[in-house]
Amino acid sequence: MNPSKLVVIVIVVLILAGTAAWSWVNFVHTPEYDPEKAHLFLEHFYHRCNVEHSKEVCGDVIGKSHRSCFVDHLQPTPQDEVDERGPVIYDLPSYLRCMEANLEAGD
């Protein structure tokens, strides 16, 4: 087989493998929660935090704790309410308590 044909075949296989991997991650590992809601929670905490602390302190707490605090407060929606409320129930006060506890622990 001609070496140039082999290179083309390898490139096509890599493209197909990459596309398959991307699709698998996109369909299988998509979180149940709304990423925009996670961002709104983060912004809400960031604005509250900046009132009393420096941006560096707030940024450190967000970097270390946002994902775990956001995911830990999520609760599955009761099956009969999924159509109207979505797959998870968001709880901003619980998220803020978790973030503030991590903020105080970092002081």
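Contacts, rings and links between helices

Leaving aside residues up to four places away in sequence, Phe-70 touches Tyr-33, Lys-37, Ala-38, Phe-41, Tyr-90 and Tyr-95. The model described here is predicted.

How exposed or buried is Phe-70? Its relative accessible area is 1%, and because buried means under 20%, Phe-70 is buried. Phe-70 is also named among the residues with the most contacts inside the largest nonpolar core, together with Phe-45, Tyr-95 and Met-99. That core has 16 residues. Helix 2, helix 3 and helix 5 are the elements that give two or more residues to this core. In soluble globular proteins, nonpolar side chains tend to be buried together.

The aromatic rings can be taken next. A pair of aromatic rings is described by the distance of the centres and the angle of the planes. The structure holds 5 aromatic pairs. One of them is formed by Phe-41 and Phe-70, with 5.4 Å from centre to centre and 85° between the planes, an edge-to-face arrangement. Phe-41 lies in helix 2 and Phe-70 in helix 3, so this pair ties together parts that are 29 residues apart in sequence. Phe-41 is buried, with a relative accessible area of 7%.

Phe-70 also pairs with Tyr-95: the ring centres are 6.3 Å apart and the planes stand at 80°, so this pair is edge-to-face. Here the link runs between distant parts of the chain, from Phe-70 in helix 3 to Tyr-95 in helix 5, 25 residues apart. Both Phe-70 and Tyr-95 are buried. Taken together, Phe-41, Phe-70, Tyr-90 and Tyr-95 form one aromatic cluster.

Now consider the covalent links. How many disulfides does a search of the whole structure find? The search finds 2. In sequence order, the bonded cysteines pair as 1-2, 3-4. Cys-49 and Cys-58 form a disulfide with sulfur atoms 1.9 Å apart. The torsion about its S-S bond is about -95°, so the disulfide of Cys-49 and Cys-58 is left-handed. Cys-49 and Cys-58 are both buried.

Another disulfide joins Cys-69 to Cys-98, with an S to S distance of 2.0 Å. This link is left-handed too, with -70° about the S-S bond. Cys-69 lies in helix 3 and Cys-98 in helix 5 (residues 92–106), so the pair ties together parts that are 29 residues apart in sequence. Cys-69 counts as buried because its relative accessibility is 1%, whereas Cys-98, at 24%, counts as partly exposed.

Charged side chains give a further link. Side chains of opposite charge can pair when their charged atoms come close. The count comes to 1 salt bridge. Glu-100 forms this salt bridge with Arg-48, and the closest N and O atoms are 2.9 Å apart. Glu-100 lies in helix 5 and Arg-48 in helix 2 (residues 35–52), so the pair ties together parts that are 52 residues apart in sequence. Glu-100 is partly exposed, with a relative accessible area of 27%. Arg-48 is also partly exposed, at 41%.

Finally, Ser-65 has its place in helix 3 (residues 55–73). Ser-65 is buried, with a relative accessible area of 7%. Not counting residues up to four places away in sequence, Ser-65 touches Met-99 and Asn-102. Met-99 was met above as one of the residues with the most contacts inside the largest nonpolar core.

Definitions and conventions:
Residues are numbered from 1 along each chain as its sequence is written. This is a predicted model: local features need pLDDT of at least 70, side-chain atom pairs count only at pLDDT 80 or more; totals for chains, interfaces and linings use all residues. Side-chain values use heavy atoms; hydrogens and water are left out. Helices (H or I, at least four residues) and strands (E, at least two) are DSSP runs, numbered from the N terminus. Buried means under 20% relative accessible area, exposed over 50%, partly exposed in between (1.4 Å probe, protein chains only). Contact means heavy atoms within 4.5 Å. A disulfide is a pair of cysteine sulfur atoms within 2.5 Å. A salt bridge is a side-chain nitrogen of Lys or Arg within 4 Å of a carboxyl oxygen of Asp or Glu. A nonpolar core is a set of buried Ala, Val, Leu, Ile, Met, Phe, Trp, Tyr and Cys residues joined through side-chain atoms within 4.5 Å. Rings of Phe, Tyr and Trp (its six-membered ring) pair if their centres lie within 6.5 Å; planes under 30 degrees apart count as stacked, over 60 as edge-to-face and the rest as tilted.
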